[in-house]
Amino acid sequence: MRFGYTDKLQKPGRTLLSTALISVIGVTSVEAGEFRDEGLRAPVGYYQIPEASSSGSYDCEIVEPHRGSMNFTSKYQGSDNARNELNKEAYQAYQEASATIRRFEKQVIATANDYQVDGDGPEARACLIDNLNTWAEADALMPGDINHVGQAVRKWALAAAANAYLRVKSSAPENALDAAKVARIENWFARVADGVRDYYTDREPRKVNNHDYWAAWAVMASAVATDNYRDWQWSLGKFDQAMGQIASDGYLPKELSRENRALEYHNYAMQPLTLMAVFAEVNQAPVYGRYKETFELLAQNVVDGLEDPSTIEHITGHSQKIEGLSTAWGLAWMRPWAETWGPLPGMDGFLAEHAPVKNTRLGGDIEFLYRIEPRWPARGEPHPPGNVRIQY
């Protein structure tokens, strides 16, 4: 049984993440509107305190920082305006050029999982900090030569790295992290976020699409990790912009323009949009409530399309590429949605089929972060973050 919680104990309900507002230090509840004084917060799952389950050495892999140009080849090179035809040679070139960055993304999230989920202890925690510190010392992801594909890669890397750091920072004991490394990492995050924000600010309306949503999610994760209210506000503004793009029928015109990949990119857009709305809910900025009708319509269209793409095929005039869409990482956005606002029709079936859902750029082990059940004592105060119970 889940219980909603604001400043008073409520009746049982679905609202978890918007109400379990727990200070990074201590266990006090938070009154609405206080988050600017108390600091930006992550959902309660990020604060789960790991219990060490093993002892001994931890095999720490430090990923050598990507150095030099981020002028990468697009996998859709040569495609028309729909940007929907994969160029296999260009994709191979892209994979090779960006391999180090993608390995870094996966490594930092895997290490956060090792620490927080598997209980690999202080060694795993230190490994994550050392990886991030190594990239910060190298001023990675800040090249002079970067094109639009490199900009995309940079924002995805920031999303993964900021989430990994946020998980460890939130759940680590007080004073457990090296202060000099923390300062260096957070300064680096701020500069990388500046680069992402600068590129995706004031873009021509015809160019604004899922990339902007991913940029906003990356900057938001970094903002919460570093308590940067300016970046937080920018991300909320980009979310507002995204909601304004939803047409009356509940589709995103820019993603529809991808023709036979329209469903793929609608689902892809739902990933950062959902997580931004969840983080906003936690911080007393309920954008979901503001855009409930159109946002739910968009989400339901995606769920329905994954079950039966005939409607979106009729709208676009193109058969949809559906192979590989229903995956544990592609549908990961459904878990935070379902746990925060309740599942939309069809969601439970997808989650049951593909759980446990995980997504590197959304935070890693999504089940661990969101499928939790706090225990509520009689007086109505939530227990410390370490006393949450995983449901799988």
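Predicted model: local features only at pLDDT ≥ 70, side-chain atom pairs only at ≥ 80, totals over all residues.
1. Confidence. The average pLDDT for the chain is 86. A score of at least 70 is reached by 84% of the residues. Two stretches need separate mention. Residues 1–36 stay under 50, and the model gives them 83 contacts beyond four places in sequence. Residues 374–392 also stay under 50, with 44 contacts beyond four places in sequence.

2. Stacked pair. The structure contains 19 aromatic pairs. One of them is Trp188 with Phe189, which is stacked. Their ring centres are 5.6 Å apart, with 25° between the planes. Trp188 and Phe189 are both buried.

3. Tilted pair. Trp214 and Tyr268 also pair, with ring centres 5.1 Å apart. Their planes meet at 35°; stacked needs under 30 degrees and edge-to-face over 60, so this pair counts as tilted. The pair links distant parts of the chain. Trp214 belongs to helix H7 (residues 210–226), and Tyr268 to helix H10 (residues 262–282). They are 54 residues apart. Both Trp214 and Tyr268 are buried.

4. Aromatic cluster. Seven names to find in the viewer: Phe239, Tyr288, Tyr291, Phe295, Trp333, Trp337 and Trp341. Together they form one aromatic cluster.

5. Charges over rings. Lys155 lies over the face of Trp156, 4.4 Å from the ring centre. Arg258 places its charged end over the ring of Tyr265, at 3.9 Å from the centre.

6. Helix H10. Just after H10, Gln284 has a positive phi of about 60°.

7. Asp194. This residue sits in helix H6 (residues 179–199). Is Asp194 buried, partly exposed or exposed? Its relative accessible area is 25%. Buried requires under 20% and exposed over 50%, so Asp194 is partly exposed. Asp194 and Val219 are 25 residues apart in sequence, yet their C-alpha atoms are 8.4 Å apart in space.

Methods
Residues numbered from 1 in each chain as written. Heavy atoms only, no water. Phe/Tyr/Trp six-rings, centres within 6.5 Å; stacked < 30°, edge-to-face > 60°. Buried < 20%, exposed > 50% of the residue type's maximum accessible area, 1.4 Å probe, protein only. Helix = DSSP H or I, 4+ residues; strand = E, 2+ residues; numbered from the N terminus. Lys NZ or Arg CZ within 6 Å of the ring centre and 35° of its normal. pLDDT = per-residue confidence, 0-100. Contact = heavy atoms within 4.5 Å.
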